[in-house]
Amino acid sequence: MPFISQIERQSDYSSFHPSRPIVIDNGASYFRLGWAGETDPRVIFRNIVQRPRHKITGETVTVVGDHNPALLKYFDCTRSGPRSAFESNVVYQFEIMEYILDFGFDRLGADQSQIDHPILITECACNPVQSRGKMAELLFESYGVPSVAFGVDAAFSYKYNQKLGICNDTGLAISSGFTTSHVIPFINGEPVYEACCRTNVGGYHVTDYLKQLISLKYPHHISKLTWEKVEELKMEHCYIAADYASEVQLFQRGDKEAEEKTRCWQLPWTPSPAEEPPSEEEIARKAAVKEKQSQRLREMAEAKRSSKINELENELKGLEFLLEELKDIEDDEIVSFLASRGYTSKREVESAFAKVSQSLRKAKGEQVPSEEKVDVSAVEKYYLIDIPDDELSAEQLKEKRRQVFLKSTTEARQRAKQKRLDEELEKEKEKKLEEQKRLENPERYLEQLRAKYKELSEKLEQRKRLKTNGNHANGNNNVSGGVGRGERLNAAQRERMRLLTTAAFDRGKGEDTFGQRDEDWQLYKLMSRDNDDDDDDKPDQDEAELAHISSRLQEIDPTFFRGSESGASASETPRFRPLTKEDFQIILGVERFRCPEVLFNPNFIGIDQSGLDEMVGVSLRRLPTWGQGLEDKMTSSILVTGGSCLYPGMAERLEAGIRMIRPCGTPIKILRATDPIMDAWRGASAYAAAIEFPQQTFSRMDYYEKGEDWLRRYKFRYTI
């Protein structure tokens, strides 16, 4: 399970004497703060800082440690990621470190700007003097602490377990932390930093690798894979394989043992409600509503029809009255009289009268003879076509040209309509003949249909290859596989390109005279004609026939499966199945041991460094005092500590790896710390509670007098 933060503000700060030291375990992952002599720290939180902005005011606030999820309602925490004061395991961002120390001292209960207690703070092995000097400057200048001492966290953990009798005074400490892993030799209770070894791989890299693998495996659930959740999955399910290659082969075979080692994380999922059939009452209610809506629509249609009939009857009466008036008017006055009424001739009035009469009969639902329709249409539309032009006025000539255009287009539409009717009749006839053939010999008909389908599919596929790769589809000598643009053009497009080339080169020599002769413009006519014949702009007959045969085969052959034909114009709509419980499951199989394997094989994540077992051999070879007896003593007391040593199988894998690089018969004993997470702080707390602890510190006055260079000679002794 992930570690839980403790950030409750303490209320007994003033009850401690100023000589009581404050112990700080400044880890790259967690910051632990407490009083010397106690068994557990008072304050624990993640060693990160976040600076989100208020969603309304835009004000920036500083959040130390794990942010409260309630802040998401008011602050935008997505644009400002968590920031750490560490680069690998060395503190280098002291502005962030100051925020963390402010928060830690405030949670401890300090109510003043000055901290009047000595401080023991942990650091990494072989910490650079610049980092140590900046930390001392921060503590002395900003907080006014009286004295400071620096110690290595892995050394405190080893000494704490030595007091408990778990390990010897001579041995090795393997500390695998958040960003780095160390191997530190101990001789007579003191660490030998000249022989220590470090690898830039730790728990952060394991979590990040696991997050990458799961995100690639389940990209649709990437929003659920937060860093905190992945770290929880790592602590819960990951383990160290005794033999990585054998474990991978086990999962490749998919044996029962592999299934037992597989873990499943079920994401929140709500099944879709089952659709129940409507009851009889619901059906009756919907039918009543539908009938009511239909009745309303019928009433609206009837009212609209009655209104239209009234309008047509009034218009018809007006036309009848106009025709009666024309009988009493002289012939030479008819034109002027009709012009005042908006008509040009008596024939136009009669045509309008016939049209309104036909519309009225149609509105009343009476049958209109087809012959009358044709006669009325001819009379009302084309009455000026047969009249000579010299007998017509300018307006009538304009109207005559319009009528000629309308007549030609109407006749063309009628011919096209008749042609479509003939084609439909022909298709119906062919369909009947095809059905008759199928009934006579179904097996032979199906075989012929399949053969035709295969032939058309291959033809279209070949055409597609030729269009893509030109004429070199079956023997292309081009090594790169690329083709020129001319090879991808069809015949019409190549002809247009030839014409353009002719115009550009043959007529472009010397002075450009293209266009001066009439035959030059024939080039554009040829190009336009070729463009009309372009196969790309017209529907392919083979494609249509293939689609027809495919649909026919689907009707008569249940075993036919329509694949992705290159020429099929109609594609089937993909079917989507409803989401189930299995779609919201994240399966952890090989990831359980593949991610922690980076501690032994950092090259998995691109880090060319040694693993934990190889680091032991490197550290032993760096010892200044060489001797087989000393090495055997060290390998007989190997203590593993740190948060990344909690994986099951760590001790067995370390013992197997170290035994492979050590001589046969070498005594090897892997010991695990009582609490790999808290032993560093507890060891430092016990050390700071000793009476001799003030001798290992340097005061603020020493810092002001001797400066930062004195820290180069500072050496902390763990045996007092």
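L326 is buried in this predicted model, with a relative accessible area of 4%. Buried means under 20% relative accessible area, exposed over 50%, and partly exposed in between, judged with a 1.4 Å probe on protein chains only. L326 sits in helix α8, which covers residues 280–327. Beyond its neighbours within four places in sequence, L326 is in contact with I334, F337, L338 and K346. Contact means heavy atoms within 4.5 Å. F337 lies 11 residues from L326 along the chain, and their C-alpha atoms are 8.6 Å apart.

The model is predicted, so local features need pLDDT of at least 70 and side-chain atom pairs count only at pLDDT 80 or more, while totals for chains, interfaces and linings use all residues. Residues are numbered from 1 along each chain as its sequence is written, and side-chain values use heavy atoms, with hydrogens and water left out.

The protein has 22 helices and 20 strands. Both are DSSP runs numbered from the N terminus: helices are H or I of at least four residues, strands E of at least two. Of the 720 residues, 38% are buried. Among contacts with a separation of 6 or more, 68% join residues 24 or more positions apart.

The cysteines were examined next. A disulfide is a covalent bond between the sulfur atoms of two cysteines. Here the cut-off is a pair of cysteine sulfur atoms within 2.5 Å. The count by this rule is zero. The closest cysteine sulfur to that of C196 belongs to C126, and at 3.7 Å it is too far for a bond. C196 is buried, at 10% relative accessible area. For C238, the nearest cysteine sulfur is that of C595, 5.5 Å away, and C238 is in no disulfide. C238 is also buried, at 5% relative accessibility.

The largest pocket holds about 1100 Å³ of space. A pocket is an open set of points on a 1 Å grid over the protein atoms alone, where a 1.4 Å probe fits, with protein on both sides within 12 Å along at least five of seven lines; lining residues have an atom within 4 Å of a point. The volume is the space filled by probe spheres set on the points, which are joined across faces, edges and corners. The lining has 33 residues, with R46, I48, P82, W227 and E228 nearest the centre. Elements giving two or more residues to this lining are β8 (86–87), α4 (203–217) and α5 (227–237). Helix α5 gives the most, with four residues.
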